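Colleague: I am new to this structure, and I would like to learn how to read it. Could we begin with a helix?

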Amino acid sequence: MCWKTRDIPKDLRNQLTGVDVSFVSFISNFTPMPSIILFDGICNLCNGFVQFVIKRDPRGIFQFASLQSPPAARLLTDHPELLGNKPDTVVLIENGAIYTHSDVALRVASKLGGVWSVCLIGYVLPKPLRDWIYRLVARNRYRWFGKKEQCMVPTPAIRKRFLID
């Protein structure tokens, strides 16, 4: 959570008037950035993955954006290697780094913790093999799992977890 001046209660803010609050700014620089998952908004498999993560992430570590959304387009402009085509993968942006393909699933599982940490055993498989399996599923995702006519519209309860323009 990043503290902004508006997050400080008004009575405390009045007490701090004239006080050097650079410490608050200093501390806010060390606040963890949310991990952002970009997903194919019309893919049933991808939507299922997002729902799976939301249910198991009560701390709100992850935020989400459909690859078809303006926020995803803005995020992807910082990563020209992904701009050629819309990615055929779920994308994880974490502390400025980009993860794709099988690395996304393994990193997300590690962040969810608990029993899902067992998935980290997937790192014993060579990355080319993991990514080949991932690409096989990604290439057939619409045929095997179907697709929606439009992107998922988040419910009010989870709306704050989505980057929406």
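Modeller: Gladly! In helix H4 (residues 70-77), Pro71, Ala72 and Leu76 are buried, meaning under 20% relative accessible area with a 1.4 Å probe and protein chains only. Helices are DSSP runs of H or I with at least four residues, strands are E runs of at least two, and both are numbered from the N terminus. This is a predicted model, where local features need pLDDT of at least 70, side-chain atom pairs count only at pLDDT 80 or more, and totals for chains, interfaces and linings use all residues. Residues are numbered from 1 along each chain as its sequence is written, and side-chain values use heavy atoms, without hydrogens and water.

Colleague: Why do the buried residues of H4 line one face of the helix?

Modeller: An α-helix has 3.6 residues a turn, so residues three or four places apart point the same way. Here, the buried residues of H4 fall within an arc of 130 degrees seen down the axis, so they line one face; the arc is taken from the directions from the helix axis to the C-beta atoms.

Colleague: What covers the buried residues of H4?

Modeller: The cover includes S1 and S2.

Colleague: In which order do the strands form the open sheet?

Modeller: Strands of a sheet pair through backbone hydrogen bonds, either parallel or antiparallel. In this sheet of four strands the order is S2-S1-S3-S4, with mixed pairing; strands pair if DSSP finds at least two bridges between them. S2 and strand S4 (97-100) are at the edges with a single partner strand each, so one side of each has no neighbour in the sheet.

Colleague: How many bridges join S3 to S4?

Modeller: Four, and strand S3 (residues 91-94) and S4 run antiparallel. Val91 has Thr100 in S4 as its bridge partner.

Key:
Buried means under 20% relative accessible area, exposed over 50%, partly exposed in between (1.4 Å probe, protein chains only). Contact means heavy atoms within 4.5 Å.
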